[in-house]
Amino acid sequence: MLFPVSALGERHVGTGEYRGMEFFHVNARTIVNKVPASSKMPFDYTINAYRGCSHACTYCFARPTHSYLGLDSGVDFEHKIVVKVNAVEKVRAELRSPRWQGDHIAMGTNTDPYQKAEGKYHLTQGIVRVLAEAGNPFSLLTKSTLVLRDLALLTEAACRTRVSVALSIGTMDREVWRLTEPGTPPPEKRLEAVARLNEAGVRCGVLIAPVLPGLSDSDEQVRAVAKACLEAGAVSVTPVALHLRPGVREHYLKWLSEVRPDLMALHAERFKKGSYQPRADQQRISELVRSVGRPTGWHPSGWRRVTAKAPTTAEDREDSSLKASVAPAAQAAERRRGRVEALQLRPSTEQLRLL
Ligand code: SF4
């Protein structure tokens, strides 16, 4: 436990559309987090303005982090949200530091930056505005259509620096969606968001994540979601099979034993060697996604199609009237662009563990 719940900060009880939720206001000492050097993640910095997530996905890897706060990883994780109310001013201050080199910043690596609380606090919006003003490259991962509220801001940011968004859409099966991600917008609404972001010039891909054994991993289900992503114009499509690390594993299997006891034997088999499913099962899912993308001329990996309209490279900017608006931080980051592209186009195994 990092600190007792009594020390969490000012408690605010949600009303109206936030009824049933509690928000704990805290002032973060720092907001741009350095990823440990030992990590294989292809980015060095993250921002997480919220802890806990009302999207309430049953498989969420972030659940155990709530227990560090003295809260439980089940109901508390979904209803008691820690809000770093000074996040925007901290980002502004930290980006101004002479030590800051303009590195790529990833958001959505822990909890969802566009979860319900964002409708009330606008912290992600404020952070995006600061990053855009500084021309600092960034990426966002979300399951929420609330990202469209910031469409104009993201479009402007994409004209100034490298911006990428990914929507996480694990299935098109509405029954599975309702059962496993009760606080999220329906999958087809998320696909509409993918289309609108790309139309507006904000590169947006999809993580088909996670694909759930016995629930959403049939050949037909995986092909259906991959096809829907293609049709929505996703610039990349990356499938991720469910993994269950300690902490999440107990929560997910307990839930499964209550709602689908018939799937327990399958999970015992798939996860008998640890947190990850057998390679053959992961490869089957990847191959299904590739098989959908291949006839359309996607990259052989099945992960990438470049359709973004915004100037996203230094060469593009040569011709762009927006060139002058590219801030020094972005220019510094551009020098490390190869690394950032690796993040955007080919997530590492370590990165995918976060999803
Ligand atoms: S949206 Fe992401 S962070 Fe939120 S509950 Fe679902 S998996 Fe967890």
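Predicted model: local features only at pLDDT ≥ 70, side-chain atom pairs only at ≥ 80, totals over all residues.

Residue numbers start from 1 along each chain as its sequence is written.

**Stop 1: the ligand.** Select C53, H55, A56, C57, C60, A62, T111, D112, Q115 and K143, the residues around the ligand (C-beta, placed from the backbone, within 6 Å of it). This shell has five nonpolar, three polar and two charged residues; here Ala, Val, Leu, Ile, Met, Phe, Trp, Tyr, Cys and Pro are nonpolar, Asp, Glu, Lys and Arg charged, and the others, Gly among them, polar.

**Stop 2: A56.** Stay on A56, in the loop between β5 (50–51) and α1 (63–67). Helices (H or I, at least four residues) and strands (E, at least two) are DSSP runs numbered from the N terminus. Its phi is near 60 degrees, a positive value in a residue other than glycine. Most residues other than glycine have a negative phi, and most peptide bonds are trans. Is A56 buried or exposed? A56 counts as buried because it has 20 C-beta neighbours inside 10 Å (20 or more is buried, 12 or fewer exposed, in between partly exposed, with C-beta atoms placed from the backbone).

**Stop 3: H122.** Another positive phi, near 55 degrees, sits at H122, in the loop between α4 (116–121) and α5. H122 has 16 C-beta neighbours inside 10 Å, so it counts as partly exposed.

**Stop 4: α3 and α5.** Now show helix α3 (residues 87–96) with α5: their axes come within 8 Å and cross at roughly 20 degrees. Axes are lines fitted to C-alpha atoms, for helices over the stretch in contact, and angles run from 0 to 180 degrees between N-to-C directions. The two are therefore roughly parallel (under 35 degrees; over 145 is roughly antiparallel, 65 to 115 roughly perpendicular, the rest oblique). To see the contact, pick A87, V88, V91, R92 and L95 of α3 and L123, G126, I127, V130 and A134 of α5 (C-beta atoms, placed from the backbone, within 7 Å).

**Stop 5: α9 and α12.** Move to helix α9 (residues 219–232) and helix α12 (residues 279–293), packed at about 45 degrees with axes 9 Å apart. That makes α9 and α12 oblique to each other.

**Last stop: P210.** A cis peptide bond joins A209 and P210, with omega about -15 degrees.

Methods. Contact = placed C-beta atoms within 7 Å.
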